[in-house]
Amino acid sequence: MGAYIVKRLLISIPVIFGISLITFIMLNVIPGDPIALMMKEHISTDVVERVRAQMHLDDPAYVRFFRFVWDALHGDFGTSYKLNRSVTTLLLDAFPNTLALAMSGALVSWIIGIPAGVLSAVKKRSFLDNSIMGFSLLGVSIPVFWAGLLFQYIFSMVLGILPVSGFSGPEYLIMPAIVLGWSSAGTIARLTRSSLLEVMRNDYIRTARAKGNLEIKVILNHALKNSMLPVVTVMALQVAGLLSGAVITESVFGIPGIGRIAVNAIQSRDMPLLQGAVMFTTVLVILGNLVADILYSLIDPRIKYD
Amino acid sequence: MNLARNLMLKKEVIEASDELVKETFWQDVFRSLKKDRMAITGGIVILLFVLMAIFAPWIAPHDPYEVNLDNQFQKPGLEHWLGTDMFGRDVLSRIIYGSQISLLIGLVPSMITMSIGIVLGIVAGYFGRRTDFVIMTISDMVLSFPSLLLAMVVMYTLGASLLNIFIALSIVGWAGTARVVRAQTLSLKNKEFVEAARAVGVKPYIIMLRHILPNCIPQLLVLFTLEIPGSILSEASLSFLGVGAQPPASSWGLMVSNGKEFLFNAPWVAIAPGIAILVIVLAFNFLGDGLRDALDPYLKQ
């Protein structure tokens, strides 16, 4: 087990390296002088020269890339062109907000998704099953940003019970969490349903029934536990998806998180900030996948790794 | 009497079995699909949207680009069924024209990603070893990017425009297809019919094209149908974030984005195009789900 975790960690290293290379290439091939972006008005050429040298902009690309990797390994993602602050600080300030949003989104999706999936499996092929599965497709098909606006209109404008946007209290998280969690709730419900249906065909379920247990007891005590395996893996993977899905939700609801930083960085053409935000999120996603794999092996001792 | 009846029954059985044999792959899929009401509904809705996109100039009641500032924020009514936006443009007409962009965005990047994914997937699976390692490592990297962020990075580099969305979505999307095709190729390449072809000296690219690719069609069909709504949603999200289609294009995502400023005074400007996105994406998802069920025996092969 320990060896497996070490191996998985080692495999992530070249992946992360490759991702930084791809990101670096894509963000650095564009023409355009960052200095011109930083200082709009006329400035003397020697100032430009000095800043260029300070930012090592005249070095060859590969030197800049390895400097970027080296600095990133030391937790330094450079300085934002526009805000003139350390990218790392900006990201770390924003991260708790994104994490809070992603976590509450995940919570919403589990609270809705798992019971819906169980109900759907128990009442297989019923009207209830069909409507739950229809709803889950609806959840996947709904554009997140549009759902956000719809919620804002209904709950803030018409009903006036929730704040429109901003982030200064737990009540500001309610709408974003539901909007974000809604789409993955559908996925979780579908997975719970199919997994539970598969487990229900097993012999030990028949035994449990034969012993005269109530159906609800059979489902909750015997079937559900075993059917949660694939669901748990997806849950961990999904946290990663939610972290990136937060980009849109944060923009709609004005939550100062990593996603908003990325969107703002694109609009103000702030390359180091965008680079930092993308790298930060991607590494988190890779770590999320790693946790999912490890979790899977811990829950199911039958799975052997070599 | 009995004999005649027996003969007749026999004839019927033979004819029925003949029919079963004669049924091609597509007939079989279509027959299963016909029973699925959701999939049929999805298909009809898609057809309606396609017709709407083709005949947009004849259907649209107004000019979608005509600015009329005296006519701002008209409520939905008889003259403007879905109201007008901040420039007094007719929302319904803009939605009708927007269907052209959305269908294009749904189809073109999906076709590009499928083509790249098919080629790389088959090559990786068939040749194995180093080729496989290189292709799969790159696809793993692309897959570990959050797709929206990767698309945003591409749009940052290339600049926001409709054409660049095609490129961004293609760069993001091929890896998933490549994986599916590779897995299928791996399972096929040691089957007897491939070995036989190899034994008589058929060239590798012909084996891939004639013997392996046709056997991937069921998977690819489902993947393609589900790829389209994904592309439409991605375009809408990118346009909403301001890094996608640019004004005055009437992309649905852009329309929602423009309408969000006036959400509380004129909700129809943002809400109506969102419904269009939802309906088309839902239709494709229903069809894709139905196809997956209809192709189930082929997929499990």
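I began with the fold of chain A, which reads α-α-α-α-α-α-α-α-α-α-α-α along the sequence, and I counted twelve helices and zero strands there, taking helices (H or I, at least four residues) and strands (E, at least two) as DSSP runs numbered from the N terminus. I noted that this is a predicted model, in which local features need pLDDT of at least 70 and side-chain atom pairs count only at pLDDT 80 or more, while totals for chains, interfaces and linings use all residues. Residues are numbered from 1 along each chain as its sequence is written, and chains are lettered from A and ligands numbered from 1 in the order in which they are written.

I then looked up burial: 37% of the 306 residues of chain A count as buried, that is, with 20 or more other C-beta atoms, placed from the backbone, within 10 Å of their own.

Next I turned to the contact between the chains, which takes 36 residues from chain A and 35 residues from chain B, two residues being in contact if their C-beta atoms, placed from the backbone, lie within 7 Å.

For residues 277–299 of chain A I found 100% helix, with the end C-alpha atoms 33 Å apart, and for residues 134–161 of chain A 82% helix, with the end C-alpha atoms 29 Å apart.

Technical notes: A residue is buried if 20 or more other C-beta atoms lie within 10 Å of its own, exposed if 12 or fewer, and partly exposed in between; C-beta atoms are placed from the backbone.
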